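Subject: Handing over the structure, with notes

Dear colleague,

I am passing on the structure that we talked about, and my notes follow it. Please keep it open while you read, so that you can find each place as it is named.

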Amino acid sequence: MPQPNIILTGFMGTGKTTLGRLLAERIDYDFIDTDAEIEKQIGQTIAELFQTQGEAAFRKLESKLVEDLAQKERLVIATGGGLVLNPKNVAALRKTGGIICLTASADEILARVSKQEDVRPLLKERNPQAKIIALLRQREAIYQQFPQLSTSKRTPEELVNLLLKHTSLRKTPSP
Ligand code: S3P
């Protein structure tokens, strides 16, 4: 019986990687973070890639990776926040499993991404908060096509339990 993938999407800083990793551990799935996978493939960080080849080159690599992932199962996939802007990526991923969108407020997103080492090229701006608000507005309709899970005021553990309930996947207890 095929075992569908679980795909976490949502804006930068909504916790896709943290939760994805925890969820995969809980249900014994492999975990893939699309940004990390691309960095591994090209031997450069996403920020370096944006700088040397531009965003379009990054988006091409994202789509190529989606094609590969669409052949696989039993994966928890954390997407880069812009991957679902391409409807072809969404269609390919949807065939392999359910997509859930994590959400957080602009203030929380700013606080989280400011704390992380990972540089988000799209937020390297004099006023990152204004950029977050503008991008959230631009992407609202796209993110809203997926079931939403707010990550505000919830611990990673609580969120994993909610995700498990949503996907109705639980690790079978050992006899
Ligand atoms: C992007 C989000 C980033 C990364 C790239 C572009 C976006 O991933 O893919 O910087 O367009 O929202 P995270 O959502 O994991 O930060």
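Helices (H or I, at least four residues) and strands (E, at least two) are DSSP runs, numbered from the N terminus.

Two remarks on the source come next. This is a predicted model, in which local features need pLDDT of at least 70 and side-chain atom pairs count only at pLDDT 80 or more, while totals for chains, interfaces and linings use all residues. Residues are numbered from 1 along each chain as its sequence is written, and side-chain values use heavy atoms, with hydrogens and water left out.

To return to Arg 74, its phi is near 60°, which is a positive value in a residue other than glycine. Residues are called buried under 20% relative accessible area, exposed over 50%, and partly exposed in between (1.4 Å probe, protein chains only). Arg 74 counts as partly exposed because its relative accessibility is 31%. Lys 153, which is found in the loop between β5 and α8 (156–167), also has a positive phi, near 55°, and is not a glycine. Lys 153 is exposed, because its relative accessible area is 82%.

The strands are the next topic. Two strands pair if DSSP finds at least two bridges between them. Strand β1 (residues 5–10) runs parallel to β4 and is joined to it by 6 bridges, with Gly 10 standing opposite Leu 102 in β4. Strand β5 (residues 148–150) pairs with β4 in the parallel sense over 3 bridges, and here Leu 102 stands opposite Leu 149 in β5. Strand β4 (residues 97–103) is mostly covered, since 5 of its 7 residues are buried.

Among the helices, Ser 63 lies in helix α4 (residues 55–69), and Asn 89 has its place in helix α5 (residues 87–94). Ser 63 is buried because its relative accessible area is 19%, and Asn 89 counts as buried because its relative accessibility is 3%. A polar contact is a pair of N or O atoms within 3.5 Å; within protein, one must be able to donate a hydrogen and the other to accept it, and residues adjacent in sequence count only if both atoms are side-chain atoms. The side chains of Ser 63 and Asn 89 make such a contact, at 3.1 Å. Asn 89 also lies 6.2 Å from Val 66, C-alpha to C-alpha, although the two are 23 residues apart in sequence.

Finally, there is the ligand. Which residues surround the ligand? Counting a residue as near if one of its heavy atoms lies within 4 Å, the residues around the ligand include Met 12, Asp 35, Phe 58, Arg 59 and Arg 120. An N or O atom in the side chain of Lys 16 is 2.6 Å from an oxygen atom of the ligand, and a polar side-chain atom of Arg 139 lies 2.7 Å from a ligand oxygen atom. For Gly 82, a backbone N or O atom lies 3.2 Å from an oxygen atom of the ligand. The protein covers 96% of the 390 Å² of accessible area that the ligand has on its own, where accessible areas come from the Shrake-Rupley method with a 1.4 Å probe and, for residues, only the protein chains shown count as cover.

With best wishes
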